Each structure stands twice: as structure tokens, then as C-alpha cells.
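Here is a short walk through one structure. Keep the sequence and the 3D view side by side as you read.

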Amino acid sequence: MITLSHLSKTLGNQNILSDVSFTITSGERLIILGQNGAGKTTLIRCILGEYQPSSGEVRVLGFAPFKNRVRALEHIAFVPQLPPPLRYTVKELFDYCADVTDCDRNTIRSYCDYFELDVNAHIHKPFYKLSGGMKQKVLISIAFARSSPILIFDEPTANLDVVARDRFRSLLSDNRCRDKTMIFISHRIEEVSNVVKRSIELDLGKVVKDVLL
Ligand SMILES: Nc1ncnc2c1ncn2[C@@H]1O[C@H](COP(=O)(O)OP(=O)(O)O)[C@@H](O)[C@H]1O
Ligand SMILES: [Mg+2]
């Protein structure tokens, strides 16, 4: 489903990723671990086609994501570590998602309810003015509302309150997510331990561990 072959990425004059190779098969759930600066977010950016590999190859369902971003991204729902500073209101964001992706507004709203976000109280606010946790709830709700077969979460629960964290954990093992391939970057392995079956550890841009749990 996702294949990295000898992927290296240089930014400036620094080797951020060096000769990273692994394959993620359909339905697999894995966590990517590593210290701050290990290269986890850079790796995800290569999978999302935000970065062109300096050498080696990335394939998402056969597509090279940098060259064929639209085809690769239509299969991926992604929650970033840092929410983008969108000027859209929450309503405009939902409308945009409903227009350009396969999810509908009511499904997004039902996930927001589940995370105890009072959407109506904030619907006309610009997204960037929401609190960090609210932004994360909105982005997680959109990701779950899509029917993408691949979910990628980069530290998704960092700003969530305790209730939302518990609900996030429950949702991962819910029937609605049964067939999804999931990649988590998290320092809190216990939050995803109910679904994760493999862990890959990066250190200084190299895979130093790849184990089944
Ligand atoms: N755009 C960039 N230009 C130069 N260096 C970068 C850039 N983005 C990340 N880095 C560097 O790459 C290293 C890995 O960063 P990152 O992938 O964000 O790590 P992680 O997500 O594991 O904490 C860090 O040393 C960081 O400073
Ligand atoms: Mg990161």
C-alpha cells in the first residue's frame, strides 16, 4: 500500500532521512517512534508528496506522491502535528471538505459531537482562532469522516483533553475503521496500543528498529 525504497532526504546541507526502506501493507496499523528531530514528520511529508525524495522512492498505492500528488492524496486522510493557520471559518472549512472530498458535513459534525466540540458555538469563527485542542478535534473529525483507506496522524492527541483522548482511542478500534491502514506518530504509545501491531523507530533519520508488537 505504501512503499519506501532507500528513501533519503536532504534539507539544506543536512541529511534528514538516510536510506529508509519499509513497506506498509493494507490494513496494517503502525506507530513511528523517535526522539524530537529524528525525522518522523519529514518522513510523513515525503509520503504526502510535500517533499521530493533526494534519492530513493516513495509509492502510495503505486503512485509517486510528489509527482502525482492528487492521485496519492485522494487515498490519504492526514492530521498534521501543527494545524495550518486557515482563515476559513469552520463552516467554510466543512463546506470545502464536502465539496472537494468524499465526506459530508453531517458526518463531520457527528464526529465533532463525539469529541464534545460544540460546533454551533464556533461555526462562524475563523479556524485559526480556535484553541489548539479544538483545531485538533475539527481536523480529526474531518479525517474520520472521509472514506480514505489510509489514515495518518502526526501527534494527533497532543492538545486533546482527557475525554477526547479516550474517545479517540475508542474510535480507532471501532467497526467504522475496520479496514483502514493507520500510521501514527506519537510519543504516547499507550494511546494507540489497542490497535497498533508494529512499531518503527527512527533515530537521526535512520530506521533503527522495526518490530511486531
Ligand atoms: N524545512 C526544513 N529545513 C531544514 N531542516 C529541517 C526542515 N524541516 C525539518 N528540518 C530538520 O530535520 C530534522 C528532523 O525534523 P522532523 O522531521 O520535524 O523531526 P521529528 O518529526 O521526528 O521531530 C530536524 O533536525 C529539523 O531541524
Ligand atoms: Mg514531528
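In which strand does His 6 lie? His 6 sits in strand β1, residues 2–11. Strands here are DSSP runs of E with at least two residues, helices are DSSP runs of H or I with at least four residues, and both are numbered from the N terminus.

Some ground rules come next. This is a predicted model, in which local features need pLDDT of at least 70 and side-chain atom pairs count only at pLDDT 80 or more, while totals for chains, interfaces and linings use all residues. Residues are numbered from 1 along each chain as its sequence is written, chains are lettered from A and ligands numbered from 1 in the order in which they are written, and side-chain values use heavy atoms, with hydrogens and water left out.

Back to the backbone. Most residues other than glycine have a negative phi. His 6 has a positive phi, near 50°. Asp 19 also has a positive phi, about 55°, and is not a glycine. Asp 19 belongs to strand β2. With 48% relative accessibility, Asp 19 counts as partly exposed. The scale works like this: buried means under 20% relative accessible area, exposed means over 50%, and partly exposed lies in between, with a 1.4 Å probe and protein chains only.

Now turn to ligand 1. Which residues are around ligand 1? They are Leu 11, Gln 14, Ile 16, Gln 35, Asn 36, Gly 37, Ala 38, Gly 39, Lys 40, Thr 41, Thr 42 and Tyr 51. A residue is near a molecule if one of its heavy atoms lies within 4 Å of it. By class, this shell holds 4 nonpolar, 7 polar and 1 charged residues. Here Ala, Val, Leu, Ile, Met, Phe, Trp, Tyr, Cys and Pro count as nonpolar, Asp, Glu, Lys and Arg as charged, and the others, Gly among them, as polar. Strand β2 (14–24) and helix α1 (40–47) each supply at least two residues of the shell. Helix α1 gives the most, with 3 residues.

Look at the polar contacts (pairs of N or O atoms within 3.5 Å). A polar backbone atom of Gly 39 is 3.0 Å from an oxygen atom of ligand 1. An N or O atom in the side chain of Lys 40 is 2.8 Å from an oxygen atom of ligand 1. For a polar side-chain atom of Thr 41, the distance to an oxygen atom of ligand 1 is 2.9 Å. The protein covers 62% of the 570 Å² of accessible area that ligand 1 has on its own. Accessible areas come from the Shrake-Rupley method with a 1.4 Å probe.

Stay with α1. Why is α1 largely enclosed by the rest of the structure? Because 6 of its 8 residues are buried. The buried ones are Lys 40, Thr 42, Leu 43, Ile 44, Cys 46 and Ile 47. After α1 comes Gly 49, with a positive phi near 75°.

Next, the charged pairs. Side chains of opposite charge can pair when their charged atoms come close. A salt bridge is a side-chain nitrogen of Lys or Arg within 4 Å of a carboxyl oxygen of Asp or Glu. By this rule the count is 14. One joins Arg 146 and Asp 102, with the closest N and O atoms 3.8 Å apart. Arg 146 lies in the loop between α6 (132–145) and β6 (150–154), and Asp 102 in the loop between α3 and α4, so the pair ties together parts that are 44 residues apart in sequence. Arg 146 is buried, at 14% relative accessibility, whereas Asp 102 is partly exposed, at 43%.

Other salt bridges include Arg 71 with Glu 74, at 3.3 Å from N to O. Arg 71 is partly exposed at 39%, and Glu 74 is partly exposed at 38%. Asp 174 and Arg 176 meet at 3.0 Å, N to O. Glu 28, Arg 198 and Asp 210 are linked in a network of salt bridges.

Tyr 88, Tyr 96 and Val 100 make a nonpolar patch of about 290 Å². Patch residues have over 30% relative accessible area and no salt bridge, and nonpolar side chains (Val, Leu, Ile, Met, Phe, Trp, Tyr) are joined within 5 Å. Tyr 96 lies in helix α3, residues 90–100, and is partly exposed at 41% relative accessibility.

Conventions:
Patches are made of residues with over 30% relative accessible area and no salt bridge: like charges are joined within 9 Å, nonpolar side chains (Val, Leu, Ile, Met, Phe, Trp, Tyr) within 5 Å. A polar contact is a pair of N or O atoms within 3.5 Å; within protein, one must be able to donate a hydrogen and the other to accept it, and residues adjacent in sequence count only if both atoms are side-chain atoms.
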